[in-house]
Amino acid sequence: MSQDPMSPSQPPPQLFAPALLALLRRQAGVVSRAQAVRAGLTATHVDRLVARRRWAPLHPRVYRASEYPLTDEARLRAAVLWAGAGAVPRGRAALWWHGLLPDAPQTIMLTVPGRCPAPRPGVDVCRRVLRDHDVIILRGLTVPVRPLALLDAAVEAGSGGASLLIALRGHVRLGELQAVAGHAIGAAGAIRVLTDVSCTPPAHRAEWQTSRNRYS
């Protein structure tokens, strides 16, 4: 009698698919159903991996391989995969991806260029069309450039927005923030927070002007 290809005595099928193994390593153990199929698995194999708890669903049609921990990176990558083509982290999630915050936010904020998917716990999505020069690819994810990520986060922070900008002034020039203000989430809020920053002490304004912007 032939063995079940998914029986405990057999290695899981992804061990025979180098492309899928490499993809899991690059994506912190997270993979979408479409990616898995493109990498060599059948839909039936994916269903069996989920049924046997070798892959845990994180969002509809997005899974985490059980040998990988559920890290902040995995949460963010899973949210982007679920939201679909063109999904981009925004605000504090984008700042964290740039390495400017120590921890990822509990709710991953994203933008998409088209229709927003139905809400999901731990993910907030809004519609926004970004220009090519508003984004970069960093560690395999498309994210807003630092000035836009920082300004989005400041707008989301409300009354604490100016403090966030001042705290991270060593990474972005004030002029760079002003240049992207019209493309931030809530342009009116972006202008308000930049007005607040313009009232900072002269020494801080000097630091803004001499800071260097490093996108990677």
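A residue counts as buried when its relative accessible area is under 20%. By that cut-off Arg33 is buried, since its relative accessible area comes to 12%.

A search of the whole structure turns up seven salt bridges. Arg33 has a part in one of them, pairing with Asp47 at 3.0 Å between the closest N and O atoms. Arg33 sits in helix α2 (residues 33–38) and Asp47 in helix α3, so this pair ties together parts of the chain that are 14 residues apart in sequence. The two partners can be set side by side: Arg33 is buried at 12%, while Asp47, at 41% relative accessibility, counts as partly exposed.

Next comes Arg128, which forms a salt bridge with Asp152, the closest N and O atoms being 2.8 Å apart. This pair links distant parts of the chain, 24 residues apart: Arg128 belongs to the loop between β6 (123–127) and β7 (135–138), and Asp152 to helix α6 (residues 146–156).

Asp72 comes out as partly exposed, with a relative accessible area of 27%. Salt bridges also join up into a network, in which Arg90, Asp124 and Glu156 are linked.

The cysteines tell another story: the disulfide count is zero. The sulfur of Cys116 has its closest cysteine sulfur in Cys126, at 6.4 Å, and the cut-off is 2.5 Å, so the two are too far apart for a bond. Cys126 is likewise in no disulfide, the nearest cysteine sulfur being that of Cys116.

Most residues other than glycine have a negative phi. Ala28, however, has a positive phi, near 60°, and Arg53 has one near 65°. Each is found in a loop: Ala28 between α1 (18–26) and β1 (30–32), Arg53 between α3 (43–51) and β2 (55–59). Their accessibilities put them in opposite classes, though. Ala28 counts as buried, because its relative accessibility is 11%, whereas Arg53 reaches 74% and therefore counts as exposed.

Finally, a word on confidence. The mean pLDDT of the protein is 86, and 84% of its residues reach 70 or more. Over residues 1–11, by contrast, pLDDT is below 50, and this stretch has 19 contacts in the model beyond near neighbours in sequence. Residues 202–216 also stay under 50, with 40 contacts beyond four places in sequence. Where pLDDT is low, the predicted coordinates should not be read in detail.

Definitions and conventions. Residues are numbered from 1 along each chain as its sequence is written. This is a predicted model: local features need pLDDT of at least 70, side-chain atom pairs count only at pLDDT 80 or more; totals for chains, interfaces and linings use all residues. Side-chain values use heavy atoms; hydrogens and water are left out. pLDDT is the predictor's confidence in each residue, from 0 to 100. Contact means heavy atoms within 4.5 Å. Helices (H or I, at least four residues) and strands (E, at least two) are DSSP runs, numbered from the N terminus. Buried means under 20% relative accessible area, exposed over 50%, partly exposed in between (1.4 Å probe, protein chains only). A salt bridge is a side-chain nitrogen of Lys or Arg within 4 Å of a carboxyl oxygen of Asp or Glu.
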